[in-house]
There are 2 protein chains.
Amino acid sequence: MRDKRSLRWISEQYFEQNGSHYQILLTPPTPLEFSRLVHISRPVLIKGLQVVESLTRLWTNDYLVERMGERPISVAVTPNGRADTVTSHDGTDYFVEPSVEQMTMSELLVSLSTGSSQNGNVYRSRPASQEGDSLSEFNSLKRDIPEEISWCSEALGQPPDAVNLWIGDSRSVTSIHNDPYENVYCVIRGKKIFTLFPPSEGWLLEEREYPHAAYTRPSPSANLKISPSGQTVRWSSMPEPDVHPPRGTHPIQIEVEAGDTLYLPAGWWHHVRQSGPTVIALNWWYDMEMSGMSWVMLSFLRGMHLEENGDAKDDSL
Amino acid sequence: MRDKRSLRWISEQYFEQNGSHYQILLTPPTPLEFSRLVHISRPVLIKGLQVVESLTRLWTNDYLVERMGERPISVAVTPNGRADTVTSHDGTDYFVEPSVEQMTMSELLVSLSTGSSQNGNVYRSRPASQEGDSLSEFNSLKRDIPEEISWCSEALGQPPDAVNLWIGDSRSVTSIHNDPYENVYCVIRGKKIFTLFPPSEGWLLEEREYPHAAYTRPSPSANLKISPSGQTVRWSSMPEPDVHPPRGTHPIQIEVEAGDTLYLPAGWWHHVRQSGPTVIALNWWYDMEMSGMSWVMLSFLRGMHLEENGDAKDDSL
């Protein structure tokens, strides 16, 4: 416990200084305003982003199916909607990645709207990152999706590192984690319920090394099974921090409705539930600033200095 | 030592990530560029600030004397040029503030240029802060001094908290300390040699509580004497960190020549020597951002969490 005295002091002081407040903007910030928000590094709910509001109207199921046609897209499939999460298997807790399977947009939307049919699988579209493969899958939606959020690119002086499209339903749950990205997260359809913890409370989320596995499907008609990979992943051991927040944490819950945008600062821990038969979101990931103190602090607040054998330099958030 | 494990880890990681590099700009930044620099929070040497370059030419001794006339100004006087520093007295180490005495600009400049005459006193003009009194002292120079640095005010979204005028000579030494201000520091005449330590190395500068005292002059012709006040001040116990940097620190030395401007980020430790018979500088102090993590980290990195009885909330940097 003596080792955690510093972490406790910081998390208490941070809460005392900042509370659970988050700002709501009724119009998008200017680049300079956003640069100040990045420096403060607190979540901000942003309304009135024109592109998001347009897409909430444009992206009907019919439109998406027509645009995408028969082109197969890579979909993350799990038996229970919980991708990238810790799951028990043969008496051991594994960090389990989803299976990636090909289907058409029409198949994806139908399987979402028919609930637990299709073996109860729940699907999530793979990130349409800037790498050739995933991007090209969504080529026919690209004209609708801006390559960047101008006030964010200008503020940070760089284009986004990745643009991700997310399609799922209310069974999908994103387990608690953080990313080394400044994240501009827009909900197009449905609602996302973010439960956020500041980086200062990361040590209370008790990350551990878990053996890594992935869902695989031995044959097209077989059920998904868990296949260990032999690798390990550092992940939080808190399954439901939204319902049972660890003692000493101060979660901030933000409901992001269709048309709304959340600025989720780099390093903030987030657990995400969805609401709605079909939930669609787009997000822009920007590399965080690596000069200065931010990266060092994020590593410290995860308790990297407490690792016995770990080499913090090799660590990726 | 166990308590300092976190501080050591952070200072080592910070150095590994950032080195001793500082940026040099040949022209002033835009507000947005400066906002990014504030987020990174590393020192930057800025050239080409027009107002500074103009003042290097405009502010001759003759001009200053003529402008200021017989108006008395408040001058910080010490026997040795070392104001706000730890000094031994009657076998005890005191933090000693200078005596504040009234003289004309002409008297101040003459006493600087004649070296150790006048009882070897060295003078430093008091901050021309925004409070009525000190500002009005320099009213006749106000037309030359911009109320704000536009790119800094715009970046931070606020006017400066104070504008300070500094006049001294090569005997003046500013002992190591830090301030909770974003500092835009312009040298008008002579040269300033800054020895800087990042906030992450503050704990190695070994702050302690010292009894507080001030130089006083019992009568106009008497010598200065040290008068304890009964209060205490937390101050670094490192008298010459520029010559003898503490083990584990990585000082950055920056020579700021006449016409140059230093961006000294909030919380950076600085020890300052001067070079030249008369050294003149102007600086703009802006309140640092108190939301988010910055303030908490500055307190932590000073080792406030190690205080046995201290109440960190009452602490002012």
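Chain A can be laid on chain B with an RMSD of 0.0 Å by a turn of 180 degrees and a shift of 0.0 Å along the axis, the copies being superposed by least squares on the C-alpha atoms of residues with pLDDT of at least 70 in both. This is the relation of a two-fold axis. The model is predicted, local features need pLDDT of at least 70, side-chain atom pairs count only at pLDDT 80 or more, and totals for chains, interfaces and linings use all residues. Residues are numbered from 1 along each chain as its sequence is written, chains are lettered from A in the order in which they are written, and side-chain values use heavy atoms, with hydrogens and water left out.

The copies meet through the same surface, because 100% of the interface residues of chain A are also interface residues in chain B (contact means heavy atoms within 4.5 Å).

Aromatic rings come next. Rings of Phe, Tyr and Trp (its six-membered ring) pair if their centres lie within 6.5 Å; planes under 30 degrees apart count as stacked, over 60 as edge-to-face and the rest as tilted. Over all chains the count comes to 13 aromatic pairs. One of them is tilted: the rings of Phe300(A) and Trp9(B) have their centres 6.2 Å apart and their planes at 35 degrees. Both residues, Phe300(A) and Trp9(B), are buried (under 20% relative accessible area, with exposed over 50% and partly exposed in between, for a 1.4 Å probe and protein chains only). Trp9(A), Phe300(A), Trp9(B) and Phe300(B) form one aromatic cluster.
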